[in-house]
Amino acid sequence: MNDLMALPARKSASAQPDPQILHRDLSAFNRRRLAVTTEKGDWEQDLQQEHWMRLIEGRFVETERAAVQLQTRSVPTDPSGFVSWFEALKQQGPGQHDPLFPWLAKEASVAEMRWFLMQEVAGEAGFDDLVALTQVKLPAQAKLEMARNYWDEMGQGHAAGMHGPMLERLAQALKIESSRDTVWESLALGNLMVALATNRRYAYQAIGALGIIEQTAPGRADYVNAGLKRLGLGGDVRRYYALHATLDVKHSLAWNQEVLRPLVAADGACASLIAEGALMRLRAGARCFERYRAEFGWAQKRIAG
């Protein structure tokens, strides 16, 4: 935690932080605070360090919230209207139909696909853990649907079907390791998801962010799976993306009906907060896609017809 202790001296509370430093520090903080450990140390000092990092995390989230709040002012607060608005994000939301993904399917080289997946792995916060953290103290109907979603993520009790290890197997097959080449936009996406799930004041935003992942991921996953297949990777290695291209469609329908609808029916005021989470997550994804295209020299790339 020495790097985290140095952070206050590096940046004052009013200074604009370097996003690369900010999100590397937040990512390191998240790894430490979520890790299972028997490490014994000075718990009071650890809490002081955590206090500073959580202030930084909160300021990051509030900046992201401010960027989308104008769009959430007119969100419907009735259940049917809100679900319709939410479903429309699949077509109209930030980052949707980005040309990066057809290019990955049709043209990306092994090296380019490996770099892309390195970013994706770095930004992956663990959907199963995020769902488990978010469902705490929610009403029964929403909690039950999230439990079903979690059980699917856990392979319905079978280690071979767990989604997290599937992604790890893909990373191993492509020899993907953590790297200083990870761009801050990818780290920011993971940091956002952890912040929403671990802070109960952002519980509704976490629900919106998780729900929009389920709704928008299948199309992108299908393109990535096609690209991996074109590059000669076998079905077992590609299973993570192949599975999410289909299973998340079912998850999304159930999430919208069993989580979003009853929550908004019980309290229409939560609609704008759920919408914030969805838009923040989409915006973070769109920021990644734009950066990835820039890294690939997008001006020189052409998508095959």
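Contact here means heavy atoms within 4.5 Å, and every view below is drawn from a predicted model.

View 1. Leaving aside residues up to four places away in sequence, N256 touches V83, F86, E87, Q215 and R261. Is N256 buried or exposed? Because buried means under 20% relative accessible area, N256, with a relative accessibility of 1%, counts as buried.

**View 2. The buried side of helix α12.** Within α12, which spans residues 235-244, the buried residues shown are R238, Y240, Y241 and H244. Around the helix axis these residues cover an arc of only 125°, and they therefore lie on the same side of α12. The cover over the buried residues of α12 includes α6 (110-123), α8 (140-153) and α9 (163-173), together with α11 (203-230) and α13 (247-266).

View 3. H163, M166, L167, L170 and A171 are the buried residues of α9. Which arc do they cover around the axis? The arc is only 140°, so that these residues are placed on the same side of α9. The partners against which the buried residues of α9 pack are α6, α8, α11, α12 and α13. Just after α9 comes K175, whose phi is positive, at about 55°.

**View 4. Packing of helix α7 with helix α10.** Helix α7 (residues 127-134) packs with helix α10 (residues 184-198) at an angle of about 25°, and the axes of the two helices are 8 Å apart. Because angles under 35 degrees count as roughly parallel, α7 is described as roughly parallel to α10. On the α7 side the contact is made by L130, L133 and T134, which meet M193, V194, A197 and T198 in α10. Sorted by class, the residues in this contact of α7 with α10 are 5 nonpolar and 2 polar, with no charged residues.

**View 5. Confidence of the prediction and the stretch of residues 1-14.** For the protein the mean pLDDT is 90, and 92% of its residues reach a value of 70 or more. Over residues 1-14, by contrast, the pLDDT is below 50, although this stretch has 22 contacts in the model beyond near neighbours in sequence. Where pLDDT is low, predicted coordinates should not be read in detail.

Note on methods: Residues are numbered from 1 along each chain as its sequence is written. This is a predicted model: local features need pLDDT of at least 70, side-chain atom pairs count only at pLDDT 80 or more; totals for chains, interfaces and linings use all residues. Side-chain values use heavy atoms; hydrogens and water are left out. Axes are lines fitted to C-alpha atoms, for helices over the stretch in contact, and angles run from 0 to 180 degrees between N-to-C directions. Helices (H or I, at least four residues) and strands (E, at least two) are DSSP runs, numbered from the N terminus. Angles under 35 degrees count as roughly parallel, over 145 as roughly antiparallel, 65 to 115 as roughly perpendicular and the rest as oblique. Ala, Val, Leu, Ile, Met, Phe, Trp, Tyr, Cys and Pro count as nonpolar, Asp, Glu, Lys and Arg as charged, and the others, Gly among them, as polar. pLDDT is the predictor's confidence in each residue, from 0 to 100. Buried means under 20% relative accessible area, exposed over 50%, partly exposed in between (1.4 Å probe, protein chains only). The arc is that of the directions from the helix axis to the C-beta atoms.
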